[in-house]
Amino acid sequence: MGHFCVQCGAPLVTRIIEGRELEACPNDDFVLWRDPKVAAAVVVEADGGIVLGRRAIEPGRGLWCLPGGFVNHDEDPAVAAVRECWEEVGAEVELIELLGVYHVAKTTASSIVGIAYRGRLSPGSKMAAGPEMLEVAVFRPDAWPEIAFPSHRQVLALYAGAPGRSASRPSPAPAPPPPPRTR
Ligand SMILES: [Zn+2]
């Protein structure tokens with residue numbers, strides 16, 4: 001399908017740029033670059049397991065996923081990761097480390113470059129299903145439910161191989177509740 005120049009409105013024409021066929025403006029320097037989208041996902045450790053949400057919307061309605069989503073154009077991926085945890089599973093989360101980067105190939109849309117983090121609930125944080133989730137629950141690593149997205153299964157595999165993770169070890173004694181914040 002044809003597109004139009006965002007600078008002058010002219011119909012774009014096909015040009016070979018850096019060896020690839022791209023749509024470009026015949027009048028000026030506008031090129032319709034086909035860039036990937038950037039997403040972030042978080043493995044949130046809590047109570048000896050990890051936090052998953054059961055999706056209330058398509059795709060994957062009724063199945064479980066990690067908190068995560070697209071990074072806004074002006075947003076640090078780590079900030080997006082924390083924001084998505086708040087929006088989707090109602091949790092205040094502290095990121096611990098980068099787990100890795102994953103790629104979701106698409107045929108009819110831009111592919112996705114995903115950035116996966118390991119995190120944990122901030123002291124005293126609760127969890128609550130956001131508008132896109134039916135429920136939120138903590139699962140042990142040996143008992144994942146059906147995961148909605150292959151990319152999130154990939155992240156869980158990265159997590160299973162991460163040296164720093166704590167969820168596969170025997171659970172330590174529960175930490176005492178944090179002192180109330182005074183400010
Ligand atoms: Zn133009």
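Helix H1 has its buried residues covered by a set of strands that includes E3, E4, E6 (68–70), E7, E8 and E9. Keep in mind that this is a predicted model.

**Helix H1**
- The buried residues in H1 are Ala 80, Ala 81, Val 82, Glu 84, Cys 85, Glu 88 and Val 89.

**The nonpolar core**
- The largest nonpolar core is made of 33 residues, and Val 42, Val 44 and Val 51 have the most contacts inside it.
- At least two residues of this core come from each of these elements: E3 (37–46), E4 (49–55), E5 (64–65), H1 (77–89), E7 (93–104), E8 (112–121), E9 (133–139) and H2.
- Strand E3 is the top contributor to this core, giving seven residues.
- What does Val 44 touch, leaving aside its neighbours within four places in sequence? Its contacts are Ile 50, Val 51, Pro 67, Cys 85, Ala 91, Val 93, Gly 119, Arg 120 and Leu 121.

**Gln 154 in helix H2**
- Gln 154 sits in H2, which runs through residues 150–161.
- Gln 154 counts as partly exposed because it has 18 C-beta neighbours inside 10 Å, while a buried residue needs 20 or more.
- Gln 154 and His 103 are 51 residues apart in sequence, yet their C-alpha atoms are 9.6 Å apart in space.

Key:
Residues are numbered from 1 along each chain as its sequence is written. This is a predicted model: local features need pLDDT of at least 70, side-chain atom pairs count only at pLDDT 80 or more; totals for chains, interfaces and linings use all residues. Helices (H or I, at least four residues) and strands (E, at least two) are DSSP runs, numbered from the N terminus. A residue is buried if 20 or more other C-beta atoms lie within 10 Å of its own, exposed if 12 or fewer, and partly exposed in between; C-beta atoms are placed from the backbone. A nonpolar core is a set of buried Ala, Val, Leu, Ile, Met, Phe, Trp, Tyr and Cys residues joined through C-beta atoms within 7 Å. Two residues are in contact if their C-beta atoms, placed from the backbone, lie within 7 Å.
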